[in-house]
Amino acid sequence: MSVYEEWGLRPIINASGAVTRLGGAPMPSAVLDAFRAAALECVPLDELQGAASRYIAEVTGAEAGLVASGAAAALTMGTAAILARFDLGRMEKLPFTDGFPNEMVMAREQRNGYDHAVRAAGARLVEVGFHEIVAGAGVRRAETWEYEAAFGPNTAGVLYVYDGMPPLAELVKCAHAHNLPVLVDAAGELPPRSNLRDILATGADLVAFSGGKSIRGPQATGILCGKRDLIASALVQMLDMDDHFELWEPPANLIDKKRWKGFPRHGIGRGFKVAKEQIVALLTALKLFVSGAYDQELPVMRRWLDKVAAALEGLPVRCHVNVPADGQSLPILYITLDEKALGRSAIEVCRRLRQGKPSVQVGHGMLHESKLYVNPLNLNEERAAVLARRLREELI
Ligand SMILES: *Cc1c(COP(=O)(O)O)cnc(C)c1O
């Protein structure tokens with residue numbers, strides 16, 4: 001019996017990958033073991049974050065890092081660090097920023113729902129460039145000079161959602177010439193594993209990765225890594241600070257106590273606290289991810305997808321299994337529907353799959369192209385067989 005049945009729910013078949021809405025990625029057993037073991041003993045959370053910083057620095061090349069409660073939380077904490085630095089008065093004020101620079105400059109075409117996390121810290125977004133390609137009104141992307149033209153006395157930094165344009169290294173160089181830090185949302189940019197290092201190698205000051213996607217850590221974890229001073233500022237604004245300054249012994253690799261005249265009370269990130277179990281589990285998952293251990297599963301996943309595709313032969317659909325050449329990214333099965341022959345739309349098929357028993361959720365990002373897709377991350381042999389049956393029933 002499923003643990004969820006005790007609470008009146010039936011587990012679904014998640015064929016859409018590490019999406020947050022459906023619970024993220026499956027944690028490997030070594031990660032679950034670490035989570036459980038971590039729960040049985042106590043350690044000071046700041047020292048644990050100090051240890052996390054050392055390991056994150058080792059695998060990313062950053063000066064420092066911390067475990068946040070998701071990439072979105074990492075964006076809020078990174079912004080809080082950029083806005084307040086080591087200024088205790090500013091830390092106390094956030095998210096109110098009257099009297100100090102609070103503008104984060106970003107490309108209009110990179111705006112997305114997750115930038116709410118940056119605004120939540122108190123930043124105001126200043127958009128540059130246009131979205132000409134989506135508008136069908138031009139061929140150009142946002143350009144570095146457009147950011148520079150928007151810099152002024154109220155600029156606090158630059159927000160960049162990783163996608164290659166404008167080239168990040170060029171943008172970082174320009175921002176640094178104006179003494180402005182660059183915060184990068186790279187939540188979904190793993191794999192390739194090389195991005196753990198390559199994005200920081202552009203000189204970016206802070207980079208946020210999701211812990212509950214490809215790294216397969218707990219769903220509510222993320223990584224913020226980059227410049228030591230900014231990570232230190234983010235950490236003190238996130239940790240529980242109910243201590244005496246005289247007794248406070250912050251991790252020396254992260255925080256130089258001599259530079260602090262006092263320490264803040266609970267900061268803007270107190271509500272984003274990360275549990276010791278989550279930190280240890282995320283570090284364990286990161287170790288597995290970095291080792292390449294997940295790559296071995298790719299051929300097995302591909303066989304599940306091939307079987308699903310084979311089960312749909314003869315139906316009014318076209319199947320294609322895409323196998324990325326990097327040897328690290330998951331294979332994906334694309335199912336293109338002949339909506340006319342089927343007599344129903346892709347969205348209707350999606351709805352019926354969700355409403356069936358068991359409920360099945362396939363990738364729904366390409367419904368406008370009459371396509372469903374299957375991400376194998378949360379499947380196994382048995383679930384793949386059930387998925388094949390349910391797809392056959394709805395696509396006949
Ligand atoms: C998933 C995602 C996030 C949020 O990551 P969480 O770890 O779920 O908080 C932020 N930005 C982008 C671009 C993402 O894809």
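Student: In which hand does α14 pass α15?
Tutor: The crossing of α14 past α15 is right-handed. Please bear in mind that this is a predicted model.

Student: At what angle do α14 and α15 pack, and how far apart are their axes?
Tutor: Helix α14 and helix α15, the latter covering residues 381-394, pack at an angle of about 130 degrees. Their axes lie 10 Å apart.

Student: Which sheet strands does α14 touch?
Tutor: Helix α14, residues 346-355, packs on a sheet and touches β10 and β12. Its direction makes about 40 degrees with that of β12.

Student: What is the strand order in the sheet with β10 and β12?
Tutor: The order is β9-β10-β12, in an open sheet of three strands with antiparallel pairing. The edges are β9 (317-322) and β12 (371-374), each of which pairs on one side only. From one strand to the next, the twist averages 20 degrees.

Student: How many bridges link β9 and β10?
Tutor: Six bridges link β9 to β10, which spans residues 332-337, in the antiparallel sense. As one of the residue pairs, Asn322 has Ile332 in β10 as its bridge partner.

Student: Changing topic: what is the order of the strands in the sheet of seven?
Tutor: That open sheet runs β2-β8-β7-β6-β5-β3-β4, and its pairing is mixed.

Student: In what sense do β7 and β8 pair?
Tutor: Strand β7 (residues 206-210) and strand β8 (residues 222-226) pair in the antiparallel sense, over five bridges. Within that part of the sheet, Val207 stands opposite Cys225 of β8.

Student: Back to helices. Are α2 and α11 roughly parallel or roughly antiparallel?
Tutor: They are roughly parallel. Helix α2 (residues 45-60) and helix α11 (residues 276-291) pack at about 15 degrees, with axes 10 Å apart. Their crossing is left-handed.

Student: Which residues form that contact?
Tutor: On the α2 side there are Leu45, Leu48, Gln49, Ala52, Tyr55, Ile56 and Val59. These meet Lys276, Ile279, Val280, Leu283, Leu286, Lys287 and Val290 of α11. The residues of this contact divide into eleven nonpolar, one polar and two charged.

Student: And what about α3 with α10: what is the packing angle?
Tutor: Helix α3 (residues 71-84) and helix α10 (residues 228-236) pack at about 110 degrees, with their axes 8 Å apart. This makes α3 roughly perpendicular to α10. The crossing of α3 past α10 is right-handed.

Student: Which residues make the contact between α3 and α10?
Tutor: Helix α3 contributes Met77, Ala80, Ala81 and Ile82, while α10 contributes Leu230, Ser233 and Ala234. Six of the residues in the contact are nonpolar, one is polar and none is charged.

Student: Now the backbone. Where is Arg85 found, and what is its phi?
Tutor: Arg85 is found in the loop between α3 and α4. Its phi is near 50 degrees, a positive value in a residue other than glycine.

Student: Which peptide bonds are cis?
Tutor: Among them are the bond from Leu94 to Pro95, with omega near 15 degrees, and the bond joining Met165 and Pro166, with omega about -10 degrees. Pro95 lies in the loop between α4 (88-93) and β3 (103-107). Pro166 lies in the loop between β5 (155-161) and α8 (168-177).

Student: Finally, how many helices and strands does the chain have?
Tutor: The chain has 15 helices and twelve strands.

Student: What is its radius of gyration?
Tutor: The chain has 23 Å, which agrees with the value near 21 Å that a compact globule of 396 residues would have. Along its principal axes, the C-alpha trace spans about 70 × 60 × 35 Å.

Definitions and conventions: Residues numbered from 1 in each chain as written. Predicted model: local features only at pLDDT ≥ 70, side-chain atom pairs only at ≥ 80, totals over all residues. Heavy atoms only, no water. Pairing = 2+ DSSP bridges. Helix = DSSP H or I, 4+ residues; strand = E, 2+ residues; numbered from the N terminus. Axes fitted to C-alpha atoms, helices over the stretch in contact; angles between N-to-C directions. Contact = heavy atoms within 4.5 Å. Parallel < 35°, antiparallel > 145°, perpendicular 65-115°, else oblique. Left-handed = near helix turned anticlockwise from the far one by under 90°. Nonpolar A, V, L, I, M, F, W, Y, C, P; charged D, E, K, R; others polar. Rg over C-alpha atoms; globule rule 2.2 N^0.38 Å.
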